[in-house]
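Me: I'd like to learn how to read surface features in a model like this one. Can we go through it together?

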Amino acid sequence: MRKLTLVIGIGIGYVLGARAGTQRYEQLKAQAQKAWRNPTVQDKVEQAQEKVKETAPQVAEKVSGKAGEVAQTVTEKVKGDSDDDGNDDGNGGGAHAAGAAQPGSAFGA
């Protein structure tokens, strides 16, 4: 009988909590919508959109240039590593490759 009472109590608590949670969610949602419709907020949104439109081409150019540099560096590194030890395993010479546990380190003990 105690278990049944406990289950009923939990069920009632859940239902009441869910209702209160739904009401609070609706309140927060209404406040967020009101804030979003605020003319000051919309003005700032428009300013941010304009700034993005102005700077996007410059950012894209910089990212593209850096991506090319990184690709070239990686290609050179991979070619250099595969030539060092005769194996094309990407380790570049064995146990002392980046990420390998070193003697005296926490992982190489």
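Me: Which residues form a negative surface patch?

Reply: First, the ground rules. This is a predicted model, where local features need pLDDT of at least 70, side-chain atom pairs count only at pLDDT 80 or more, and totals for chains, interfaces and linings use all residues. Residues are numbered from 1 along each chain as its sequence is written, and side-chain values use heavy atoms, with hydrogens and water left out. A patch takes residues with over 30% relative accessible area and no salt bridge, joining like charges within 9 Å and nonpolar side chains (Val, Leu, Ile, Met, Phe, Trp, Tyr) within 5 Å. Asp and Glu count as negative, Lys and Arg as positive, while His and the chain ends are not counted. Each charge is placed at NZ of Lys, CZ of Arg, CG of Asp or CD of Glu. Here, the negative patch consists of Asp43, Glu46, Glu50 and Glu54.

Me: Where does Glu46 lie?

Reply: Helices are DSSP runs of H or I with at least four residues, strands are E runs of at least two, and numbering starts at the N terminus. Glu46 sits in helix H2, residues 39–84.

Me: What makes a nonpolar surface patch?

Reply: Areas come from the Shrake-Rupley method with a 1.4 Å probe, and for residues only the protein chains shown count as cover. Met1, Leu4, Ile8, Ile12 and Leu16 make a patch of about 570 Å², with Leu4 placed in helix H1 (residues 2–37).

Me: Which side chains meet in a salt bridge?

Reply: Look for a side-chain nitrogen of Lys or Arg within 4 Å of a carboxyl oxygen of Asp or Glu. That rule gives 1 salt bridge: Lys66 to Glu69, at 3.6 Å from N to O. Both belong to helix H2, 3 residues apart, about one turn of the helix.
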